[in-house]
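Subject: Structure for you to look at

Hello,

Here is the structure we talked about. Please open it and keep it beside this email while you read.

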Amino acid sequence: MEELASLLNGFYVVFSPFNFMLMIVGILLGVIIGVLPGLGGANGVAILLPLTFSMSPTSAIIMLSCIYWGALFGGAITSILFNIPGEPWSVATTFDGHPMAQQGKADEALTGAFTSSFVGAIVAVVMITFLAPLVAKFALKFGPAEFFAVQFLTFASFIGMGKGSAFKTLASMCLGFGLASVGLDTVTGQLRMTFGITDLLTGFKFLTAVIGLFGIGEILASMESGLAFSGSHAKLKLNAVIEAWKKLPRYWITFVRSCVVGCWMGVTPGGATPASFMSYGLAKRFSKNGERFGKGELEGVVAPETAAHAAGTSALLPMLTLGIPGSPTAAVLLGGLLIWGLQPGPLLFVEQKDFVWGLIASMYLGNLVGLMIVLTCVPLFAAILRIPFSIIAPVIMVICAVGAYTINNAMFDVWMMVGFGIVAYCFNKLSYPLPPFVLALVLGDMAESSFRQAMLLSQGSVTIFWSNGLVGSIMSLGLILLLWPVISWVLDKMRAAKAA
Amino acid sequence: MHDDKGGEGPSLVSIRTMDIAVAVFCLVLAAIIIMDSTRLGFRWREDGPAAGYFPFYIGLIIAISSLVNLARAISSKGAPKTFVTKQAFRQVLAVLIPLAVYVLFVGWIGIYVASAIYIALFMWYFGRYALPKGAAIGIGVSLVLFVMFEIWFLVPLPKGPLEDLFGF
Amino acid sequence: MTGHASKFLTVAGLAVGALATAFSVTPAAAQAWQPTKAVTFVIPAGTGGGADQMARFIQGVVTKHNLMPQPMVVINKAGGAGAEGFLDMKASPRDPHKIVITLSNLFTTPMATGTPFSWKDLTPVAMLALDQFVLWVNAETNYRTAQDYLNAIKGGSDKQFKMGGTGSKQEDQIITVALERLTGGKKLTYVPFAGGGAVAVQLVGKHVDSTVNNPIEAVSQWKAGALRPLCLFDAKRSVYTAKVTSSMAWSDIPTCKESGLNVEYQMLRGVFTTSGVTAAQVNYYVELFKKVMATDDWKKFMEDGAFNQTFMTGDQFKKWVEANDKLHHDLMKEAGFLATN
């Protein structure tokens, strides 16, 4: 139990009033960053890095990682209240979180989201504490073929869920893939579908699309149905947190599944956004209440939030042990480590014990402090819905515009946001589903480049996807999930035949 | 999610018409994608797919599924369902047009001034608030954003002549 | 309502604009220039890469030592292999509050994609350093020298050996093509990845056979004994003699030339500002970077990344850039990477 001793020492390092204050400041800043779609964790961390040079590396990393936790918590707030994902990984939270808010259960959804985030993060931290070296070795097994397999699995677990027209689902999904392929092709260095338009060089950014499709689309829909957000007149209940907590234990299996998905995706590193989608898809498929997903089911908030936090937290592990950042925020943190003279990599855990264990200890404390802060604020957040529509709507539009602009510092993206808003308005009414579109946009170019890298390695042979046990089993699992509807249909028939 | 709340009043466009329009729009996009994929090369080379391989087939799937959607829409029978009523469409345009004007002005006079004006006018037009009240909230929101983005997080947003005047 | 608003705004805008012009006359007349608002530092590459690390490091040093009266804001504009960042610089001429850090994509991106920009759309400020390239293999392999590896390629089948690198038709692939001239007709399979750190990890995981990572991208894996450097793509050995691993320093890595691979390549880490700025404005930044380079932080950063410390400004730097532009054109042409459309 060498880890426990080290961890205790870590807590000893972290426990000082100064560090505790930094933690609270970090969480609060992080929540703001998470709420505003224009500021990502990377922004906040990058901008505060210079401020932290006067502190010791341990204090600095505590503050910075707390910003990271805060941002993870904060992303859920606007997703639930206004259907605007503050961060990419909270897109899946809108699917059930926002309907809950519309039914006047915003406080329940928020409590569920925050608690799930906390559970996901803590499980991931425990994994980091005890399994770090093992997990780091596992991450090394991931080459292009394995990456593609994971992306395929994400896709397979999410798709096939729509009840509407299959052809509309297909069109929507492929439009997402089509938009994802715009811009520079990383494998050949050719420009695709840019037609000499410089604004298209960067391609269509996931967050621009999401702000437009969900945020602006929602306002347009509300306008039509009479100048109000539904659910705004819900009574504020002071014991909402306790009430929601009473319901959460019955979703224990979703918690377990989502933690596994999240930790796995964070380490490999698939990332928090695919993790949240995968977890949502699996929960929908395997839950008793699967049918009601998308209409305001608490379980549909629990699944993506748990997975996103578990992934976001475990993504720090490959960064510390291998020097590969699992997310843009982690990349900026990595830059910070270098400036403090700390070389991330396999030796960090050996050479910088105080620092590493201080960081891990601060992960436990930071998440706990974060949870307490955000839970206290639940009634406050829920009360935002009581602000009259004609005040809050233009403010949301402004925040969306700011968010779209900051993604690339380009006005073009703000126009795209408006365009996506109109698309969402039409798609919603014609029952073209939006989630497959969004998922295709986020996974599209990643999956394509991993696939083609794998093809380069195997010289064009697709057998590479079954060339070893790891990639083979992920791919097979993906295929099973993709064909699950068919399989379960056959199983039902067989059972029926037996009974008869 | 929102499909059943179209409001009352005479229909402006039917679902069928919009279904056809969206399918045609998708067909156009598919054509653009396929066109550019053929330029890039869409064959499976000896070391894997070329740059246009995936886009080409994606374009093809969009085209096929849109054709099905188009055929279904054209052949749909029964009483025409309303996509949007005149009255509801007016409401939507009342948000959409000012939004477009606002975005146009952001590039011109900067996001802070444009936002303050936009919020004030929105509150005045839709919420029947007095203009000074709207202006107060608009300016307040812009100031908070300004402090947060330009001073605190150092994220530069589009600025215009007013900010120039103060040396930003 | 919008009609009224826009008329009002146009009038207000004009008035404010006139006022602003009236005010801006005074500071421009002054001889020595210094920034009057936040300086934007554009990075034409993604977060986490070599250019990003250096720019953020400079931002850190400037802030820590209070070297500038105004804040420095770092922005990544990585789209289209950096074209986004350079086009942004091109689109704002005479803006002294904007500087950009470059990597080789200043030369390669317009050549490979046909995007309309060149270094002539910018004003050169200073060369900060040259970044090195090292040929790396996994430490568990039996290749002790570059010659060993070269022989293995010669003896293997065509395209059997995989070279991992960052991006397509950029510096890593240029070096790979240069190596292929020495392999007796055997090609290497070049596999492009998104970032330098990821490339090094792919090599540790044995998904590729070799890489040409920059020192800073691979140093931690080298220290941990996972990777082995074979040779340095420079004319001279590195000057850093402090031990990095228990037995080797950067200076112990032979040059590729002495190992029988006559390939040299280094990458510019330079700073440019927008076109049409005054000499006083360029001079301010030159002085600023001199101050940055005098700090101990910078010296340590240079050593950690085994940079070739060459500082150039003015005409000397401009000539160097001109020569390098031509060099890249020749290299790209030879490799068949020039845009055809």
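In chain B, 42% of the 168 residues count as buried. Buried means that 20 or more other C-beta atoms lie within 10 Å of the residue's own; exposed means 12 or fewer, and partly exposed is in between, with C-beta atoms placed from the backbone. This is a predicted model: local features need pLDDT of at least 70, side-chain atom pairs count only at pLDDT 80 or more, and totals for chains, interfaces and linings use all residues. Residues are numbered from 1 along each chain as its sequence is written, while chains are lettered from A and ligands numbered from 1 in the order in which they are written.

Stay with chain B. It has 6 helices and 4 strands. Along the sequence they run β-α-β-β-α-β-α-α-α-α. Helices (H or I, at least four residues) and strands (E, at least two) are DSSP runs, numbered from the N terminus.

Now its dimensions. The C-alpha atoms of chain B fill a box of roughly 60 × 55 × 25 Å along the principal axes. The radius of gyration of chain B is 24 Å, whereas a compact globule of 168 residues would have one near 15 Å. That radius is taken over C-alpha atoms, and the globule rule is 2.2 Å times the number of residues to the power 0.38.

Next, contacts. Two residues are in contact if their C-beta atoms, placed from the backbone, lie within 7 Å. Take the contacts in chain B with a separation of 6 or more: 61% of them join residues 24 or more positions apart.

Where do the chains meet? 52 residues of chain A are in contact with 56 residues of chain B. On the chain A side, the elements that give two or more residues include helix H3 (41-48), helix H8 (166-180) and helix H9 (206-224). H19(A) gives the most, with 11 residues. That side divides into 32 nonpolar, 13 polar and 7 charged residues. Ala, Val, Leu, Ile, Met, Phe, Trp, Tyr, Cys and Pro count as nonpolar, Asp, Glu, Lys and Arg as charged, and the others, Gly among them, as polar.

Last, two backbone angles in chain A. Most residues other than glycine have a negative phi. A:Asn83 has a positive phi, near 70 degrees. It sits in the loop between helix H4 (57-82) and helix H5 (91-102) of chain A. A:Asn83 is buried, because 27 other C-beta atoms lie within 10 Å.

A:Ser431 also has a positive phi, about 50 degrees. Its loop lies between helix H20 (411-429) and helix H21 (435-458) of chain A. A:Ser431 is partly exposed, because 17 other C-beta atoms lie within 10 Å.

Best wishes
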